[in-house]
Amino acid sequence: MSTNDPHLRTPLGKPRLRSFNIALDGTPGRFNSITDVPGVTVGYTTLIAGDGPLQVGTGPVRTGVTAILPRPVDELATPVFAGVFSQNGNGELTGTHIIEETGAFNLPITITNTHSCGVTRDGTLRWMSQVLPAALDSGWGLPVAAETYDGFLNDINGHHVSFDHVASALDGATGGAIEEGSVGGGTGMISFGFKAGSGTASRIVEWQDRSYTLGVFVQANFGRRHNFTIRGRRVGSELTEPAVREGAPRAEKGSIIAVLATDAPFLPHQMKRLARRVPLGIAMTGGYGYHSSGDIFLAFSIANPEATLGASGRIARADFIPDVDIDPFFDAVMQGVEEAILNALVANEDMTGRDGNFVPALPREWLKENFG
């Protein structure tokens, strides 16, 4: 593989997990990203400003917005079959009630910090009214918006995320290789006492002479150092340094949001089954769904667009892979979630935020020595 291979480096040249020659399961897609699923795009707004003591409303700021578009902009009114699962519900993902009721959602997904979740939800509606007003002319919008807590590094009560920042992330959504680490909603996030945030991966699944893609995106903000695991090796006890430095007390408020996308034809109950397998991939890295963690997962399929529209007055028909053949897709979920989390950690740097609070990056030299 060349050094500009998207499996090895992000567009800005940050390393990904595969650059350390760590053995992984499954076959990744072209970009090893959720954007390998046709039509799915990702955009970020990253907000980093200020240093020193916390001044609420001023900073320091370490936050942002991630936008995931499940279909091209002109098709965003067309629902996608979907399912949700909460391993531990100390968090928020809006739009879950209608997903549970109808097995589908439309409009973009946003992910941000806990206290800006409402802003990104409402900002999505404002953006839709401008770029695709017909989608809201005769109906209502219930966007999916999710959050994790970044208050150790960020002035979370300063409400620095604006409608313009949401629009920028949505407008900037692209396919292909995407950035990872401290970008978008993941800017101020921490996992296992290391700097974390946004991560992605994908897997190709062969079924009946056809190739399908399952993509994963995570906003990783969970886990305790002593549980940290890489490819089955409990490494947390070996990595007591570098340590987090607290200029202000650190609240134990970890979470992870995971979004699964696929072009495989599945029905809503099958999407929920895929979402239920996300915790198994998280556990492979040492995340165990502790009390303060908001571990909430969304899975959707871009297949069957005519069936999801459900035109009145005629039978709607949907293709689907039978449940007895779903196991390889379960494998893909677990493999993709594990790699996406580790990518979020690897593609990162040390960060100092409010009150001098410091979070180290996962040491790359240690990875080379122990896994390379």
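T120 is buried, its relative accessible area being 0% (buried is under 20%, exposed over 50% and partly exposed in between, with a 1.4 Å probe and protein chains only). The structure is a predicted model, where local features need pLDDT of at least 70 and side-chain atom pairs count only at pLDDT 80 or more, while totals for chains, interfaces and linings use all residues. Residues are numbered from 1 along each chain as its sequence is written, and side-chain values use heavy atoms, with hydrogens and water left out.

T120 sits in helix 2 (helices are DSSP runs of H or I with at least four residues, strands are runs of E with at least two, and both are numbered from the N terminus). Setting aside residues up to four places away in sequence, T120 touches V65, T110, T112, A145, V161 and V166 (contact means heavy atoms within 4.5 Å).

Helix 2 (residues 117–131) packs against helix 4 (residues 163–171) at an angle of about 65°, and the two axes are 9 Å apart (axes are lines fitted to C-alpha atoms, for helices over the stretch in contact, and angles run from 0 to 180 degrees between N-to-C directions). The crossing of helix 2 and helix 4 is right-handed (right-handed if the near helix is turned clockwise from the far one by less than a right angle, left-handed if anticlockwise). On the helix 2 side, the contact is made by V119, T120, D122, G123, T124, R126 and W127, and on the helix 4 side by F163, V166, A167, L170 and D171. Sorted by class, the contact of helix 2 with helix 4 comes to six nonpolar, three polar and three charged residues (Ala, Val, Leu, Ile, Met, Phe, Trp, Tyr, Cys and Pro count as nonpolar, Asp, Glu, Lys and Arg as charged, and the others, Gly among them, as polar).

Next come the rings. The structure holds nine aromatic pairs (rings of Phe, Tyr and Trp, the last by its six-membered ring, pair if their centres lie within 6.5 Å; planes under 30 degrees apart count as stacked, over 60 as edge-to-face and the rest as tilted). One of them is F192 with F222, an edge-to-face pair at 5.1 Å centre to centre with 70° between the planes. This pair links distant parts of the chain, 30 residues apart: F192 is in the loop between strand 7 (190–191) and strand 8 (194–195), and F222 is in the loop between strand 10 (210–221) and strand 11 (229–230). Both F192 and F222 are buried. Another edge-to-face pair is F266 with F329, at 4.9 Å centre to centre and 90° between the planes. F266 lies in the loop between strand 13 (255–262) and helix 5 (268–276), and F329 in helix 8 (residues 327–346), so the pair ties together parts that are 63 residues apart in sequence. F266 and F329 are buried too.

F192 and F222 also belong to one aromatic cluster together with F194 and F228. The charged end of R225 sits over the ring of F194, 3.7 Å from its centre (NZ of Lys or CZ of Arg has to be within 6 Å of the ring centre and within 35 degrees of the ring normal). Elsewhere, R250 lies over the face of F152, at 5.8 Å from the ring centre.

Most residues other than glycine have a negative phi, and most peptide bonds are trans. A cis peptide bond joins G59 and P60, with omega about 0°, and P60 is placed in the loop between strand 1 (41–49) and strand 2 (61–69). The bond from E241 to P242 is cis as well, with omega near -5°; P242 is in the loop between strand 12 (233–234) and strand 13. R231, in the loop between strand 11 and strand 12, has a positive phi near 50° and counts as partly exposed at 26% relative accessibility. N304 also has a positive phi, near 60°, and lies in the loop between strand 14 (294–301) and helix 7 (305–309). At 12% relative accessibility, N304 counts as buried.

K14, in the segment before strand 1, is buried, with a relative accessible area of 17%. Not counting residues up to four places away in sequence, K14 touches L8, R9, E179, E180, G181, V183 and A347. K272, in helix 5, counts as buried at 18% relative accessibility. Apart from its neighbours within four places in sequence, K272 is in contact with G83, V84 and E100.
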